[in-house]
Amino acid sequence: MVYPFMALYFTAAWNMKVAGILILVSPLISVVVSFFGGPLIDRYGLIREIF
């Protein structure tokens with residue numbers, strides 16, 4: 001997976017606090033989008049974008 005390497009890179013580029021925040025952002029955005037996206041998909045149905 002990519003996350004351990006991202007943590008090493010971010011820690012080398014910035015301090016550990018900023019690296020932790022940057023690693024935490026992606027899962028938090030995923031939870032928020034799935035929380036709102038799930039009911040929207042249930043209501044309007046799945047729209048295929050790739051043929």
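Three aromatic pairs are present in the structure, where rings of Phe, Tyr and Trp (its six-membered ring) pair if their centres lie within 6.5 Å, and where planes under 30 degrees apart count as stacked, over 60 as edge-to-face and the rest as tilted. A pair of aromatic rings is described by the distance of the centres and the angle of the planes. This is a predicted model, in which local features need pLDDT of at least 70 and side-chain atom pairs count only at pLDDT 80 or more, while totals for chains, interfaces and linings use all residues. Residues are numbered from 1 along each chain as its sequence is written, and side-chain values use heavy atoms, with hydrogens and water left out.

**Aromatic rings**

- The rings of Tyr 9 and Phe 10 have centres 5.9 Å apart and planes at 55°, so this pair is tilted.
- The rings of Phe 35 and Phe 36 have centres 5.2 Å apart and planes at 80°, so this pair is edge-to-face.
- A cluster is formed by Tyr 9, Phe 10 and Trp 14, which are linked by ring pairs.
- For accessibility, buried means under 20% relative accessible area, exposed means over 50%, and partly exposed lies in between (1.4 Å probe, protein chains only).
- Tyr 9 counts as exposed at 55% relative accessibility, whereas Phe 10 counts as buried at 15%.
- Phe 35 is exposed at 59% relative accessibility, and Phe 36 is exposed too, with a relative accessible area of 53%.

**Helices and overall form**

- The protein has two helices and zero strands, and these are DSSP runs numbered from the N terminus, with helices (H or I) of at least four residues and strands (E) of at least two.
- The radius of gyration of the protein is 16 Å, well over the 10 Å that the globule rule gives for 51 residues, so the protein is more spread out than a compact globule.
- That radius is taken over C-alpha atoms, and the globule rule is 2.2 Å times the number of residues to the power 0.38.
- Along the principal axes, the C-alpha atoms of the protein fill a box of roughly 45 × 25 × 15 Å.

**Surface**

- Buried residues account for 4% of the 51 residues in the protein.
- The accessible surface of the protein is about 4,900 Å², and 75% of this surface belongs to carbon and sulfur atoms; accessible areas come from the Shrake-Rupley method with a 1.4 Å probe, and for residues only the protein chains shown count as cover.
- Ile 21, Val 25, Ile 29 and Val 33 make a nonpolar surface patch of about 350 Å², and Ile 29 lies in helix α2 (residues 16-44).
- Patches are made of residues with over 30% relative accessible area and no salt bridge, with like charges joined within 9 Å and nonpolar side chains (Val, Leu, Ile, Met, Phe, Trp, Tyr) within 5 Å.
- A salt bridge, in turn, is a side-chain nitrogen of Lys or Arg within 4 Å of a carboxyl oxygen of Asp or Glu.

**Individual residues and distances**

- Ala 7 belongs to helix α1 (residues 3-13) and is partly exposed, with a relative accessible area of 28%.
- Leaving aside its neighbours within four places in sequence, Ala 7 is in contact with Ala 19 and Ile 23, contact meaning heavy atoms within 4.5 Å.
- Ala 12 is also found in helix α1 and counts as exposed at 69% relative accessibility.
- Ala 12 and Asp 42 are 30 residues apart in sequence, and their C-alpha atoms are 43 Å apart in space.
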